[in-house]
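Student: I have a chain open on the screen and would like to work through it by question and answer. Can we start with the overall picture and then go to single residues?

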Amino acid sequence: MKHSLIRTGLPAFLGICGLFILASLPAKAQYYYRIECEISIKNKIPDGEGVLILGKAYYDKNISRMVYDIRFPEKEVWVVQDTTVTIHKNGETERIRGVAAYNQSTIFHKILEGRLNNYGLEGTVYAIHEVERDGDLVITTWAPTRESQALGKIYTSTLDDELFGVVFQNPSGEVIGRQLFRNYTLIRGMKVPTEIVQVFYKDGAEEYQVFSLSNIKINNPGNENMYHYPAAGN
């Protein structure tokens, strides 16, 4: 039962802090290309029991490969590359094809590119529509630059130049998701949130997820075997 619940929540897990946004690389004095950390995910699926996932995450931007080394509730390794998730378990391999290209839209990619404060929206199919203040928060409204049945407005809020929250709407103006970014820490000159709370709404139901990061390492030269863990076809 737990296993099926984890697979049910797989799309939200892989897309944590990343919804259909692709960003280009800005010029930086320091080149950050990989990140690894301990992860904890508490997930409440609609009409289902809560799920706790513990493990480690490894992301290398140069090869666009995301590896999740899950240790609880079941030992698995998930490798995400292109549009395929490869799941390794007990010497067997399962491949799930047709997933979205999550890697470039995850929090890991945004952190490495230094684009988290605007959620990586600058230079995409979104443009700034309005900027306003609400107390200490700066709220930016982002609107799609072309009409699409799939794209609605996105609202980002920053506090002291740190991303505080994101609200997603569908084209009809209905809120379909929210994210909050908390407990920032400074690592190699970058501010990294160590807790992300996100809520997705669908058909009147709510999926609640808390994603925590710890023991974060940037540009770690070790653990090459994990960063290059075999994906489908490799």
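Student: How many helices and strands does the chain have?

Tutor: Keep in mind that this is a predicted model. Buried residues make up 49% of the 234 residues in the chain. The secondary structure comes to 4 helices and 13 strands.

Student: Which residue in β8 is the bridge partner of Asp134?

Tutor: Strand β7 covers residues 126-134 and strand β8 covers residues 137-144; they run antiparallel and are joined by 8 bridges. The two strands form a hairpin with 2 residues between them, and Gly135 in the turn has a positive phi of about 65°. Asp134 has as its bridge partner in β8 Leu137.

Student: Is the pair of Phe108 and Phe211 stacked or edge-to-face?

Tutor: The structure holds 5 aromatic pairs. A pair of rings is described by the distance of the centres and the angle of the planes. For Phe108 and Phe211 the centres are 6.2 Å apart and the planes stand at 85°; planes over 60 degrees apart count as edge-to-face, so this pair is edge-to-face.

Student: How many residues apart in sequence are the parts that this pair ties together?

Tutor: Both Phe108 and Phe211 are buried. Phe108 belongs to helix α3 (residues 107-113), while Phe211 belongs to strand β13 (residues 205-218). The pair therefore ties together parts whose separation in sequence is 103 residues.

Student: What is the angle between the ring planes of Tyr119 and Phe181, and where do the two residues lie?

Tutor: Tyr119 lies in the loop between α3 and β7 and Phe181 in strand β11 (residues 175-187), so this pair ties together parts 62 residues apart in sequence. The ring centres are 6.4 Å apart, and the pair is edge-to-face because the planes are at 70°.

Student: Are Tyr119 and Phe181 buried or exposed?

Tutor: The cut-off for buried is under 20% relative accessible area. Tyr119 has a relative accessibility of 0%, and Phe181 has one of 3%. Tyr119 therefore counts as buried, and Phe181 likewise counts as buried.

Student: Which residue has its charged end over the ring of Tyr119?

Tutor: Ring pairs link Tyr119, Phe168 and Phe181 into a cluster. A charged end also sits over the ring of Tyr119, 4.5 Å from its centre, and it belongs to Lys110.

Student: The side chain of Thr156 makes a polar contact with the side chain of which residue?

Tutor: Thr156 lies in strand β9 (residues 154-159). With a relative accessible area of 2%, Thr156 is buried. Beyond its neighbours within four places in sequence, Thr156 has contacts that include Asn118, Tyr119, Val138 and Leu163. The polar contact of its side chain, at 3.0 Å, is with the side chain of Trp142.

Student: How far from the side chain of Arg65 is the backbone oxygen of His228?

Tutor: Arg65 is in strand β3 (residues 65-72) and is buried, with a relative accessible area of 10%. The C-alpha atoms of Arg65 and Pro230 are separated by 9.7 Å, although the two residues are 165 residues apart along the chain. From a polar atom of the Arg65 side chain to the backbone oxygen of His228 is 3.4 Å.

Conventions:
Residues numbered from 1 in each chain as written. Predicted model: local features only at pLDDT ≥ 70, side-chain atom pairs only at ≥ 80, totals over all residues. Heavy atoms only, no water. Pairing = 2+ DSSP bridges. Phe/Tyr/Trp six-rings, centres within 6.5 Å; stacked < 30°, edge-to-face > 60°. Buried < 20%, exposed > 50% of the residue type's maximum accessible area, 1.4 Å probe, protein only. Lys NZ or Arg CZ within 6 Å of the ring centre and 35° of its normal. Polar contact = N/O pair within 3.5 Å; in protein donor to acceptor, adjacent residues only side chain to side chain. Contact = heavy atoms within 4.5 Å.
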